Structure formats: C-alpha cells, structure tokens
Amino acid sequence: MKTQFPEHFLWGGATAANQIEGSHISDNKGLSTSDIQPFGSFGALHPRQEGDFNIKDVAIDFYHRFKEDIALFAEMGFTCLRISIAWSRIFPHGDDAQPNEAGLAFYDQVFAEMKKHHITPLVTLSHYELPLHLAEHYQGWSDRRLIGFFEKYAETVFQRYGHFVKHWLTFNEINITLHHPFTGSGLPDDCSEQTRYQAIHHQLVASAKAVKLCHEIIPDGQIGNMLLGAMMYPLTCHPDDMMKTLQQNREWLMFGDVQARGYYPSYMTRKLKELGVTLEITEEDKEALKATIDFISFSYYMTGCASADPSQQDKANGNMLQMVANPHLDASEWGWQIDPTGLRYLLNFLYDRYQMPLFIVENGLGAVDTVTASGEIEDDYRIQYLNDHLVQVGEAIEDGVDLMGYTSWGPIDLVSASTAQMSKRYGFIYVDRDDEGNGSLKRTRKKSFYWYKEVIASRGASLKKPGRF
Ligand code: BG6
C-alpha cells in the first residue's frame, strides 16, 4: 500500500553527544563514563589506560561544526533532530552545587541554530553516559543519591531550554543496564543481579521524577521514555519456545510497563524472586513512579529469536545484546539481522500494549562506505534498508498506529557506540575520519542524502516497493 505520511509527522535524524561532539574536556566539561570507553560499550571491561587513544575525544567535532551540520540537516528537510545533552557539560562531576555556565551556553547556541532552521529538537537527557565522578565515587546508579542529582540536572535544563525544547526523552535505551551495566548505569559489568536491578529501579524513579518536573516546568512539553526495541520471535512454535519468547520480551517491556503504567508489572514479583533480588522500594518511590510518560520511543535495528532449546547456539549479534539467529533473515556487515517487517510488527505490538503515541527515534544501517575516485558515495544498500523500513512504517500508520515521527540513527557519520569505530557508518553525510582518527573531518553528501530529502519532501510518496533499488 502506498502511504503518504501525516503532515505533522516529524522527520529527521538522531545523534548522541558522546558520539558526535568531541571536545570532551573543553569549557569545564567533566569526564563522563563514555570518555573512558575507548573501545565502546562492548569493550567496557577494558577501561581507558594512560595514553590510550579515544576517538570520541574529537568524534566528528560537532562541538565546533554544529552550524554546518544543522544547515545540512535543514537542506535535507529535517523537521526534527534528536540530540542528547552531555550531563557532564552541565554538571561536570554530577554532584556539583552549581551548573557549568559554559556547558549551558553551548546548547543555547545549538538550539538557536535549530530554531533558525525550523527544526524541532528532541532531546535525550542521558544517552549512555553519566559524569565519571558518579561512577567512581557513588558506584553509579546503585546509589540512591543519583536520583537527586539527576533531578537537579533535569530541572536545570528544563528551565534553561524549555522555552524552545518541547520534546524530551529521559534515558536512552533504559533497558541497556541488563546487558551492559557500565554503559547504562556506571556499574562494573560483572555486578550482581541485586545491584543491577536496584540501579535500574533508581533510574526508573529518576525518569519518573524528570517526567513530573517536565510537566511542571514546560506545561506544553512532552516527555517520553526510550527503549531498545529488542523484539524476539519464537524460533519455533514449540510451546516452550513460545513461553521463552514471552519471558525474554518481558525483560525489556518491563521498562515500558513501569514508565507507561506507573507501577511494576505483576510478572516482576516472580522474576525478582527467582533472581534472589530484593528491591528497596520506598513509599516515596511508588508515588514518584506514578508520573507516567507522554509517549513511547524506541530504537529499532533488528529482531532476534528466542529458543528454550540449549542446543540452539546459532547466535546473532545485536545492538548491545545477542539473540538466537533467525534463519529467514540476512544480516548487516556487523551481523545485525535485517527485518523491515519486524518494525511494523513492533509498532503494532507496542501500540496494542500501551495505546500511547509512539516515536521511532533510531533506525539505520551501519555499513562500510567507499568513496569513489570522483569523491562520491553511492550508498544504495543504505537507501534500500531505510526505504524498506519506512515502507513498513507506512503500513503501521495504515494499521492505525499513532506515530509521532521517525529519526534515523546517525544522519551524519558518527562514532559507533558498541565498537567505537568511525568505519561503521550510518550517515546521509560522510565524514572524512577513519578509525585511527586520520582525516580532514570534511562533510560530503552521500547518494542517500538526496534520497532522504525526496522522501521527506514527498512525505513518503517517493518510497519504492521493497527490493526495488
Ligand atoms: C543504539 C544506541 O543502541 O544503537 C546508539 O542508542 C548507537 O547510541 C546505535 O550508536 C547503533 O549502534 P552502534 O554500536 O552501531 O553505534
């Protein structure tokens, strides 16, 4: 079916501070947990040693080039840009009494530039980083005091930017602490289940407190959560596989359930008991959790399978987690299985479950790009991937899903979160920088740049039937 996306639909791209900004200690910025992950989330157990190179120290230098980049996004017709604020630019240690004015001023300029180009900001409060001091001196989110520090940070940025920024997200892929505790919560990756779930609880309370603050400070604002949409299919229709699938999906849906409903789902009682976890949940926490989000946002890159059969060892890589491979799907160069139909499935599934507006805030293909002798980048594979996913998004809209927008991941090449590579490129805009940090940082429009521009201008009417490129 040919769909024209709704007029109010927000089109754009999504980024994260630590993957684009660079200038990791400029203007009083404090170190963040990401600054000591030179090998990315997957290498979190090898923290930075003296003299180690971290590509994120410069990243793509958005800190100095944001005007040029935002102008390029505007040229593509973006009506929305997702960025994150680096918490450690605003509160360098996380527990500081006063915010860092230079850090606040940087985002003033970024938002002014977006305003100039009529681009709606979508801002993540915490995208895979927290001030390193909080990880080192408080054991990250396992310490209840982080709720207060986060509240103060959220209040500061709501007050400062709320006149222009109306769309907010609390924690990027809040379910990540299940798989990468350091990246998600500043905890050692080998922490106990007790520590992990207590940290998750503190984040859920902090998220709800930010929701309440946002509603108070920005009455016309909207604030959502952000889930890693890790949809699992049963590997077979064996009842044990079905049950396993239900349980695995509940692992990540639990976060949405708490954030959308305001309390823990009943299935968590048994789960925590089986894990031997006793959560400290105060009456104040229960009250705080009642502040529920306005919309559900999520990242979507792939689906995976669940199997109750321990001999099923054919694993597929994923963004931050591993799952059983689906024999019906192809995979990207990084082994992420490609499933456009899964996006329609997930949108319907989430809408059925929550009956709340949804927002796709990440989707894209990480691939190696080659620059031709004449300086062009013919990224038909990326066009194919995005086209086929957007066709399914259109189908979901036809199915009746209330979808606010779509921001593809990495509209400009940026540093990979899992592997800290530049060569894993997602962008419509090529950035001349390699994995060792060589390159001029020059920006070049790829073939997909012109393709996405046409998709936005035609509100999806230019999309082709899957497999037509
Ligand atoms: C998501 C993250 O998991 O996937 C992003 O929110 C990340 O930060 C994206 O960049 C793609 O993953 P990667 O590892 O290819 O950068």
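**View 1. A side-chain pairing between histidine 215 and aspartate 294.** In this close-up, the side chains of histidine 215 and aspartate 294 meet in a polar contact of 2.8 Å; the term stands for a pair of N or O atoms within 3.5 Å, and within protein one atom must be able to donate a hydrogen and the other to accept it, while residues adjacent in sequence count only if both atoms are side-chain atoms. Please keep in mind that this is a predicted model, in which local features need pLDDT of at least 70 and side-chain atom pairs count only at pLDDT 80 or more, whereas totals for chains, interfaces and linings use all residues. Residues are numbered from 1 along each chain as its sequence is written, and side-chain values use heavy atoms, with hydrogens and water left out. Histidine 215 belongs to helix 8, which covers residues 193–217 (helices, H or I with at least four residues, and strands, E with at least two, are DSSP runs numbered from the N terminus). Not counting residues up to four places away in sequence, histidine 215 touches Ile223, Thr292 and Asp294, where contact means heavy atoms within 4.5 Å. Histidine 215 counts as partly exposed because its relative accessibility is 32%; buried means under 20% relative accessible area, exposed over 50%, and partly exposed in between, with a 1.4 Å probe and protein chains only. From histidine 215 to glycine 30, 185 residues away along the chain, the C-alpha separation is 29 Å.

View 2. The UniProt annotation "active site", from an unreviewed entry, covers Glu362; UniProt positions follow the numbering used here, feature names are shortened, and annotations may be inferred rather than shown by experiment. Look for glutamate 362 in strand 11, residues 358–362. With a relative accessibility of 5%, glutamate 362 counts as buried. Beyond the four places on either side in sequence, the contacts of glutamate 362 include Arg82, His127, Asn172, Glu173, Tyr301 and Trp409.

**View 3. The ligand and its shell.** Here 15 residues surround the ligand, and the closest are Glu173, Glu362, Ala417, Ser418 and Tyr426 (a residue is near a molecule if one of its heavy atoms lies within 4 Å of it). The shell divides into six nonpolar, six polar and three charged residues; Ala, Val, Leu, Ile, Met, Phe, Trp, Tyr, Cys and Pro count as nonpolar, Asp, Glu, Lys and Arg as charged, and the others, Gly among them, as polar. A polar backbone atom of alanine 417 is 2.7 Å from an oxygen atom of the ligand. For serine 418, an N or O atom of the side chain is 2.5 Å from a ligand oxygen. Tyrosine 426 has a polar side-chain atom 2.5 Å from an oxygen atom of the ligand. On its own the ligand has 380 Å² of accessible area, and the protein covers 100% of it; these areas come from the Shrake-Rupley method with a 1.4 Å probe, and for residues only the protein chains shown count as cover.

**View 4. Positive phi angles at asparagine 28 and aspartate 61.** Asparagine 28, although not a glycine, has a positive phi of about 70°. Aspartate 61, also not a glycine, has a positive phi of about 60°. You will find asparagine 28 in the loop between helix 1 (17–20) and helix 2 (62–76), and aspartate 61 is likewise in the loop between helix 1 and helix 2. Asparagine 28 is exposed because its relative accessible area is 51%, while aspartate 61, at 11% relative accessibility, counts as buried.
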